[in-house]
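Keep the viewer open as you read.

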Amino acid sequence: MAIQEVRQLDKLIISDLDEKRLESFVKQVEASKNRDYEIVKATSNDALVEESDIICTCTTSHKPVFNGEKLRPGTHVNAIGSYTLFMQEIDETTVTRADKIVTEHTEGLWEATGDILIPFDKGLITKDAVTGSLGEAIVGKIPLRGSDDEITLHESVGSGVLDIALSIFIYEKLTK
């Protein structure tokens, strides 16, 4: 719901393994839409990725839910479901293709998320692949998107304090 507040959505493509959960989510979004946009059920996760500018993975999957080769230039990925060392909702290709990787806590990232640790352990990325923290991005300490073609990744590890700070930041941006 937060994305619709900061981006002009034309279409929301959704996917879920559980049809009842999918229908429930559609109803929730329909009731909360802030403007008219189409809600479409994906024919497949890869098809969803091929059509999307912003992708949010909110899963408890232990294996990647889409093929990172399908990401278009300029895509932003919010990976918010993986929270253990063995969970991996996004694949190594997504991580290695990301031009910028941002998280809530850079130190905590290396202790909590298989999405990043698995490609790190395979030698596909180094710790330098992580651009920095969300807090650093908010205050301008790290560079944001350098071009419209960059693939960006927010790998969430969760932070209640940062959630509040980010909410205040977004509220202030929207009310100015």
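Start with Arg21 and Asp16, whose side chains meet in a salt bridge at 2.7 Å, N to O. For a salt bridge, a side-chain nitrogen of Lys or Arg has to sit within 4 Å of a carboxyl oxygen of Asp or Glu. Arg21 is partly exposed at a relative accessible area of 49%, and Asp16 is partly exposed too, at 29%. Here buried means under 20% relative accessible area, exposed means over 50%, and partly exposed is what falls in between, using a 1.4 Å probe and protein chains only.

A word on the ground rules: this is a predicted model, where local features need pLDDT of at least 70 and side-chain atom pairs count only at pLDDT 80 or more, while totals for chains, interfaces and linings use all residues. Residues are numbered from 1 along each chain as its sequence is written, and side-chain values use heavy atoms, with hydrogens and water left out.

The structure holds 10 salt bridges. Another one brings together the side chains of Glu19 and Lys41, at 3.1 Å from N to O. That pair links distant parts of the chain, with Glu19 in helix H2 and Lys41 in strand E2, 22 residues apart. (Helices are DSSP runs of H or I with at least four residues, strands are E runs of at least two, and both are numbered from the N terminus.) Glu19 counts as partly exposed at 44% relative accessibility, and Lys41 counts as partly exposed at 38%. Glu19, Glu23 and Lys41 are linked in a network of salt bridges.

Then there's the salt bridge between the side chains of Glu92 and Lys122, 2.7 Å from N to O. Glu92 lies in helix H4 and Lys122 in the loop between helix H6 (114-121) and strand E6 (132-133), so the pair ties together parts that are 30 residues apart in sequence. Buried or exposed: which is Glu92, and which is Lys122? Glu92 is buried, with a relative accessible area of 17%, whereas Lys122 is exposed at 56%.

Back to H2, for a quick geometry check. Its 14 residues (19-32) should span 20 Å at 1.5 Å a residue, and the end C-alpha atoms are 20 Å apart, which agrees; the expected span is 1.5 Å times one less than the number of residues. Which residues of H2 are buried? They are Leu22, Val26 and Val29. These cover an arc of only 70° around the axis, which puts them on the same side of H2; the arc is taken over the directions from the helix axis to the C-beta atoms. Strand E1 (11-14) and strand E2 (38-41) are among what covers the buried residues of H2. On the other side of the helix, Lys20, Lys27 and Ala31 are exposed.

Over in strand E1 you'll find Ile13, which is buried at 16% relative accessible area. Leaving out residues up to four places away in sequence, Ile13 touches Val40, Ala42, Leu48, Glu51 and Ser52, where contact means heavy atoms within 4.5 Å.

H6 is a mostly covered helix: six of its eight residues are buried. Those are Gly114, Asp115, Ile116, Leu117, Ile118 and Pro119. They pack against E4, H4, strand E5 (100-103), helix H5 (106-112) and strand E7 (152-155). After H6 comes Gly123, with a positive phi near 80°.

Last stop: Glu89, in the loop between strand E4 (76-79) and helix H4 (92-97). Glu89 is buried yet has no salt bridge, and the nearest side chain of opposite charge, Arg21, is 11 Å away. In that tally Lys and Arg count as positive and Asp and Glu as negative, while His and the chain ends are not counted. So what does the Glu89 side chain pair with in a polar contact? With the side chain of Thr57, at 2.9 Å. A polar contact is a pair of N or O atoms within 3.5 Å; within protein, one must be able to donate a hydrogen and the other to accept it, and residues adjacent in sequence count only if both atoms are side-chain atoms. Thr57 sits in strand E3 (residues 54-57) and is buried, with a relative accessible area of 4%.
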